[in-house]
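Welcome, and please take a moment to look over the model shown here. We will walk through it piece by piece, starting with a pair of strands.

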Amino acid sequence: MSDWLEHSVQVEINAPMDLIWNEWSSFEKMPLWMKWIKSVEVRPDQPDLSRWTLNTGGLEFSWRARMLNVVEHQIIRWESVDGLPNKGAIRFYDRHDHSVVRLSVSYAIPSILKFLDSLFLGKAVEDTIQADLERFRTHILSLL
């Protein structure tokens, strides 16, 4: 049996939504700002499927993800179809003078390891994805 853990973080970016959307939706660029993501490959013949490889602390995991819901400038929602069980959504909020990007990630861990979440795992994941969004903001601002 597995338990699902969820983390949500957000960042404000003083940049146009078109730029933010175009950069994030180019999944192959993710390793530029996502520390644990080693690579993302999108199949040209099946653009709703992608292969993700995560590498942290010498451990490497991969999975295929399917895009479940994509609404331009609003949301990208995904779910893994094999490999590391995960799902989530990235939401984009255009506030006219700035944009808000909110990332929610859920992943399954064996129930027996759930105690790790209260010790350090959850904090490490949340801190990492928050830092990823801050690197994304820096990346976007470097393009202006």
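Start with W52, whose bridge partner in β4 is W63. In this predicted model, local features need pLDDT of at least 70 and side-chain atom pairs count only at pLDDT 80 or more, while totals for chains, interfaces and linings use all residues. Residues are numbered from 1 along each chain as its sequence is written, and side-chain values use heavy atoms, with hydrogens and water left out.

A word on terms: strands (E, at least two residues) and helices (H or I, at least four) are DSSP runs, numbered from the N terminus, and two strands pair if DSSP finds at least two bridges between them. Between β3 and β4 there are 2 residues, and the two strands form a hairpin. In that turn you will find G57, with a positive phi of about 55°.

Now look at the other partner of β3. Strand β2 (residues 37-43) runs antiparallel to strand β3 (residues 46-56), and 6 bridges join them. One of the pairs to look for is S39 with its bridge partner T53 in β3. Another is R43, which stands opposite Q46 in β3. Here too the strands form a hairpin, with 2 residues between β2 and β3.

With those strands in view, step back to the whole chain. How many helices and strands does the protein chain have? There are 2 helices and 7 strands, and from the N terminus on they run β-α-β-β-β-β-β-β-α. The radius of gyration, taken over C-alpha atoms, is 15 Å, close to the 15 Å that the globule rule gives for 144 residues, so the chain is as compact as a globular protein of that length. That rule is 2.2 Å times the number of residues to the power 0.38. Along the principal axes, the C-alpha atoms fill a box of roughly 45 × 35 × 25 Å.

What lies inside, and what lies outside? Buried residues make up 38% of the 144 residues, where buried means under 20% relative accessible area, exposed over 50%, and partly exposed in between (1.4 Å probe, protein chains only). Among the buried residues is L5, with a relative accessible area of 6%, in strand β1 (residues 2-13). The C-alpha atoms of L5 and L54 are separated by 17 Å, and these residues are 49 apart along the chain.

Another buried residue is D132, at 4% relative accessibility. You can find D132 in helix α2 (residues 114-143). Leaving aside residues up to four places away in sequence, D132 touches W33, M34 and K35, a contact being heavy atoms within 4.5 Å. Across the chain, 49% of the contacts with a separation of 6 or more are between residues 24 or more positions apart.

Finally, visit two histidines in loops. H73 lies between β4 and β5 (75-83), and H96 lies between β6 (86-94) and β7 (99-110). Although H73 is not a glycine, its phi is positive, at about 70°. H96 is also a residue other than glycine, with a positive phi near 70°. Are these histidines exposed or partly exposed? H73 counts as partly exposed at 24% relative accessibility, whereas H96 counts as exposed at 77%.
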